[in-house]
Amino acid sequence: MTSLPQPGAKKLGLVIDLDTCVGCQACATNCKEWNTSGHMGPLPDQHPYSAGQEGVWFNRVHSYEAGDGEAGRTVHFPRSCLHCETPACVTVCPTGASYKRAEDGIVLVNTDMCIGCQLCAWACPYGAREFDEDQGVMKKCTLCIDRIYNEEIPEARRVPACVSTCPANARHFGDLGDPDSDVSKLVAERGGFELMPELGYKPVNRYLPPRRAPKVDAGPPKDAGPLPSQITNPLLRWVDKVLSR
Amino acid sequence: MNPAPSIVFFTVCSGAGYGLLFWLGLLRFFGLVPANAGFGVAACGLALVLVMFGLLSSTAHLGRPERAWRALSQWRSSWLSREGVAAVVTFAPAGLLFLALAADNEALARPMGLLSAAGAAITVYCTGMIYASLKTIRQWHHPLVVPCYLLFGAFSGAVLLALIAAFWGAAAVPAAIAAVLGACAFLLKRLYWSSVDGGRPVATMESATGLGFIGTVRPLDPPHTETNYLLREMAFRIARVHAARLRRIAALAGFAAPALLMLLVYLAGGVVGGVLAVAAVALATAGLLAERWLMFAEATHTVSVYYGVPDRR
């Protein structure tokens with residue numbers, strides 16, 4: 001049913017740290033790797049070995065410049081499904097293929113029922129859904145539902161592929177419905193925010209803002225002597241080197 | 001938004017079909033169009049053909065058209081599903097109307113005409129709501145979108161009815177209605193354009209990324225070097241000069257010229273009226289296709305903000 005379930009207590013989601021993300025694309029790559037043979041796989045590619053290559057990805061990492069001058073900085077920005085509490089992508093679905101799980105809040109597509117009308121992609125403000133032109137159905141992030149509940153893999157690795165692979169520890173997975181969970185504490189401590197909350201879809205995922213750069217107190221300029229390379233006399237250069245130690 | 005030909009054709013075609021069905025059912029109830037079987041069969045038949053062609057065309061947009069029947073299940077939450085249900089339900093009175101008209105069964109034709117008119121109006125209302133309910137696209141999430149869909153369907157249907165009625169020398173009433181609706185459509189679309197042109201984007205790069213507290217945000221590196229589904233579907237761009245030209249075509253060929261021609265049909269009647277009605281149908285069709293194409297091409301989606309595609313052309 002595309003009518004939304006009664007909201008459950010458990011809200012599984014991601015917390016993405018924009019301060020530490022280095023934009024390495026490992027999360028996107030591992031996501032593609034795992035999910036192409038996962039619950040909603042395959043994630044097809046068109047023209048993979050020639051010009052005009054494109055394909056279905058559940059995770060896209062943008063890079064932005066924010067601010068100007070000394071306050072300016074580069075921010076890498078992974079964008080994926082936010083598993084909203086009131087997702088329009090689910091309610092607009094005419095077939096019941098799109099659904100939100102009551103037990104953990106994960107938003108999924110039943111690709112056996114999807115007719116490929118793509119209205120859900122129009123309804124999602126975040127561009128989380130991508131159309132599989134080979135199968136003619138919509139695909140999206142499953143929050144690695146086939147990892148997080150997978151008893152065949154060690155418990156420590158039962159996290160989404162993007163989280164497990166992040167070398168900068170910029171991605172965190174947990175229950176954002178539980179105020180005492182590690183992710184909820186992290187969000188509270190760092191002032192995590194929702195994307196476009198004004199649209200009212202109540203995203204579950206949170207983004208941690210880049211930390212403000214510490215103000216560097218420049219102090220008075222140092223006494224500017226000649227650089228070692230500017231001293232032509234080898235003896236004086238040696239003296240300068242010794243005294244500079 | 002990408003103006004998929006199947007959807008542009010579908011909404012124009014079935015909109016005109018439902019408009020025709022609406023006016024046929026309503027005007028025939030009040031005895032304002034010819035009551036003979038030939039006229040009824042021609043008008044109702046054309047309406048049904050247009051609606052069916054439109055609906056078939058819409059399935060061409062589906063990735064899995066063979067599963068289209070599943071779209072009838074989620075009418076509780078989905079306007080697309082409601083549209084499908086309304087379209088299917090409307091076929092019942094419309095089919096009976098066709099049979100009643102063919103059999104000259106006045107007692108059945110009158111109530112079925114009214115029910116068909118109601119079904120047609122509800123179906124087109126649902127079509128409009130599919131677009132109007134999407135908060136992600138400000139040009140669609142607009143109070144004039146549903147009135148536009150209803151009015152343009154009613155207008156194009158009235159023009160078609162006037163054309164058919166002209167063959168029976170009775171085009172006056174539908175032509176007068178079409179002339180008035182055409183003038184209203186011209187004004188409403190102008191009002192809509194001026195409103196969306198002055199509108200604010202749903203999101204900016206600062207608000208969409210939440211990075212506005214640092215300062216202005218600019219795209220540095222895209223997530224992929226080639227295009228993708230999101231860019232093709234949701235970040236369609238149209239040159240400002242083309243949009244301005246197409247708007248003129250839509251407003252003049254789609255609404256103003258057919259409205260004037262319908263006024264002449266009302267005044268002239270006869271063979272001249274018939275010829276003018278043919279011209280009006282041709283112009284209205286071309287203009288409405290341009291209008292519907294623009295409705296998509298000029299619509300901007302919030303996801304394009306992440307890619308740095310500007311809201312304004």
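Start by selecting residues 114-132 of chain B: this stretch is 100% helix and 0% strand, with its end C-alpha atoms 27 Å apart. Before moving on, a word on ground rules: this is a predicted model, where local features need pLDDT of at least 70, side-chain atom pairs count only at pLDDT 80 or more, and totals for chains, interfaces and linings use all residues. Residues are numbered from 1 along each chain as its sequence is written, while chains are lettered from A and ligands numbered from 1 in the order in which they are written.

Now pick residues 37-63 of chain B, which are 85% helix and 0% strand, with end C-alpha atoms 41 Å apart. Both stretches are among those that UniProt, in an unreviewed entry, lists as "transmembrane region" in chain B; such annotations may be inferred rather than shown by experiment.

**Into the core**

Next, select Leu20(B), Ala162(B) and Met262(B). These have the most contacts inside the largest nonpolar core, which has 177 residues. (A nonpolar core is a set of buried Ala, Val, Leu, Ile, Met, Phe, Trp, Tyr and Cys residues joined through C-beta atoms within 7 Å; buried means 20 or more other C-beta atoms within 10 Å of the residue's own, with C-beta atoms placed from the backbone.) Helix H5 of chain B, residues 145-166, gives the largest share of this core, 16 residues. Helices here are DSSP runs of H or I with at least four residues, strands are runs of E with at least two, and both are numbered from the N terminus.

Zoom in on Met262(B): leaving aside neighbours within four places in sequence, its contacts include Val159(B), Ala162(B) and Gly182(B). Contact means C-beta atoms, placed from the backbone, within 7 Å.

**Where the chains meet**

Show both chains: 47 residues of chain B are in contact with 50 residues of chain A. Which element gives the largest share of chain B's side? That's S1(B), with five residues.

Zoom in on S1(B) and you'll find an open sheet of three strands, in the order S5(A)-S4(A)-S1(B), with antiparallel pairing. Strands pair if DSSP finds at least two bridges between them. The edge strands are S5 (73-80) of chain A and S1 of chain B, each pairing on one side only. Four bridges join S4(A), residues 59-66, to S1(B), and Ser63(A) stands opposite Asp221(B) there. On S4(A)'s link to S5(A), count eight bridges; Arg60(A) has Arg79(A) as its bridge partner.

Key: Contact = placed C-beta atoms within 7 Å. Buried ≥ 20, exposed ≤ 12 C-beta atoms within 10 Å, placed from the backbone.
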